[in-house]
Amino acid sequence: MRARLALLVAAVSVLTLIAFLVPLALLVRTVAEDRATVRATADAQSLVPVVGTADAATIRVTVEQLAAESGREVSVFLPDGTVLGAPAPRTPAVALAARGQSLTGESAAGREVVIAVQGRADGTGVIRIVVPKQELTAGVTRAWLVLALLGVLLVLIGLAVADRLARTLVRPISELSAVSHRLANAELDARVTPAGPAELREVAGALNHLAARIQVLLVQEREQVADLSHRLRTPLTALRLEAESLRDPDDAARITAAADGLERAVTGLIRQARWRTPTPGAAASDAAAIVADRVAFWSVLAEDTGRAVSLDLAPGPLLVGVPADDLTAAVDALLGNVFAHTPDGTPFAVRLAAEAGEVLLTVADEGPGMDEGPGMPAGAVERGASSAGSTGLGLDIARRAAQAGGGRLELRAAPGGGTQVLLRLGPQREA
């Protein structure tokens, strides 16, 4: 913007100066020519009394003296054809002046001033003075140079003023842009100091109001999520009481452990809803321990539904930049999808490995697959999108967990049929 404003001011200034300085420069040249012509005419007029009354010898002396003082070519044409002073041919202007008409004309040597002198007994004499071109343009070049320097100085002053004005516009706009980027990066306490013109101050106030409103809405949303999550504690308490009333101690312990795990998940959800979103990569967890724990948890259900489970687990610890709660939720979402979208008896495999410094979790089943074609549906990882009647949030939870560690989620068709989900959890961290 500063460059464009400077270019605009420079263009306007140059055009304005051209409109004024070009006529002024022409006027300066005209004035110089007229001044030299007037001086030459005055010199010629001073010879009129001498030429009209004196003899030839006196006229010659006076003409030579005037030529020496003025530095011009001075000639006097007498009626008998005698030429006194500088020898010169009888030009058309001299011939016209011999008829009694004084005039000024142009010649190859410069400007020609001729004056008719009447009153002589033998006829009309003619005084001719040639003003050289150097005298006609004397001082013009210097005046033009002064005008040019003045024009450049005015343009530079205009550019300096334009740049200063542009900075008063650009600085508030840059601050608006910086604060908007900070808001986009979840720095909701970022605010703009209103500055600049009234319109920019109004935009700054609107942006500050928007940021404050976003903060209020996020706080309300967190509280609502926390309240909804807290409501799950009541049925969990009832479930734990029911589990304690079971006669089989193993079943009671298993269901109680499951209820405790669910309560921990709900507590983590409440805590996450009320707290600020953690910075990606700030937390680390052991992927090997979490995957082993969640596979063991789901293996009980797999045994009940006749599913064969294959676990290929790299030796731990495998630290990744994903919070433990998020990674647990992601693994549960992927394994839960296997049970939700494949028929009973469908085997599945879980593999966790470190490849090229990156931790890779693979969950593959031998079910019907997510699509009849060779590729996965385009909206399979879109939040809330599901072709099987579910909430459509499972794969999105896994995707966001992978992104928190600097990785990504990929869907592929398994070689033998079914679905293969690859969860890249980012680079492996040092223990």
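Visitor: Which residue in β4 stands opposite Ser107?

Guide: This is a predicted model, and in it Ser107 stands opposite Gly110 of β4. That pair belongs to the antiparallel pairing of β3 with β4, which extends over 5 bridges.

Visitor: What is the strand order in the sheet with β3 and β4?

Guide: The order is β2-β1-β5-β4-β3, an open sheet of 5 strands with antiparallel pairing. The edges are taken by β2 (83-85) and β3 (103-107), each of which has a single partner strand, so one side of each is left without a neighbour in the sheet. From one strand to the next, the twist averages 25°.

Visitor: And which helices sit on it?

Guide: Helix α1 packs on this sheet with contacts to β1, β3, β4 and β5, and its direction makes about 25° with that of β4. Helix α2 lies across β1, β2, β4 and β5, running at about 160° to β1.

Visitor: How is β5 paired with β1 and with β4?

Guide: With β1 (residues 73-77), β5 pairs in the antiparallel sense over 5 bridges, and Glu73 stands opposite Val130 of β5 there. A hairpin of 2 residues connects β4 to β5.

Visitor: Is β5 enclosed or open, then?

Guide: Strand β5 (residues 123-132) has 7 of its 10 residues buried, so it is largely enclosed by the rest of the structure. For the protein chain as a whole, buried residues make up 34% of the 431 residues.

Visitor: Back to α1 and α2: at what angle do they pack?

Guide: Helix α1 (residues 2-53) and helix α2 (residues 56-70) pack at an angle of about 165°, and their axes are 10 Å apart. The two helices are therefore roughly antiparallel to each other, the cut-off for that description being an angle over 145 degrees. Their crossing is right-handed.

Visitor: Which residues make that contact?

Guide: From α1 the residues are Asp43, Ser46, Leu47, Val50 and Val51, and they meet Thr58, Ile59, Thr62, Val63, Leu66 and Ser70 of α2. Sorted by class, the contact has 6 nonpolar, 4 polar and 1 charged residues.

Visitor: Changing topic, what is the order of the sheet that contains β7?

Guide: That open sheet has 5 strands in the order β7-β9-β10-β12-β11, and its pairing is mixed. Its edge strands are β7 (309-313) and β11 (408-413), each pairing on one side only. The twist there averages 15° from one strand to the next.

Visitor: How many bridges join β9 to β10?

Guide: There are 8 bridges between strand β9 (residues 348-355) and strand β10 (residues 358-365), and the two run antiparallel. Within that pairing, Arg351 has Thr362 of β10 as its bridge partner.

Visitor: What about helices on this sheet?

Guide: Helix α9 (residues 287-304) lies across β7, β9, β10 and β12 (419-427), and runs at about 170° to β7. Helix α11 (residues 394-404) also packs on the sheet, where it touches β11 and β12 and its direction makes about 130° with that of β11.

Visitor: I noticed some backbone angles to check; what is phi for Ala356 and Ala186?

Guide: Ala356 has a phi near 55°, a positive value in a residue other than glycine, and Ala186 likewise has a positive phi, near 70°. Most residues other than glycine have a negative phi.

Definitions and conventions:
Residues numbered from 1 in each chain as written. Predicted model: local features only at pLDDT ≥ 70, side-chain atom pairs only at ≥ 80, totals over all residues. Heavy atoms only, no water. Pairing = 2+ DSSP bridges. Helix = DSSP H or I, 4+ residues; strand = E, 2+ residues; numbered from the N terminus. Axes fitted to C-alpha atoms, helices over the stretch in contact; angles between N-to-C directions. Contact = heavy atoms within 4.5 Å. Parallel < 35°, antiparallel > 145°, perpendicular 65-115°, else oblique. Left-handed = near helix turned anticlockwise from the far one by under 90°. Nonpolar A, V, L, I, M, F, W, Y, C, P; charged D, E, K, R; others polar. Buried < 20%, exposed > 50% of the residue type's maximum accessible area, 1.4 Å probe, protein only.
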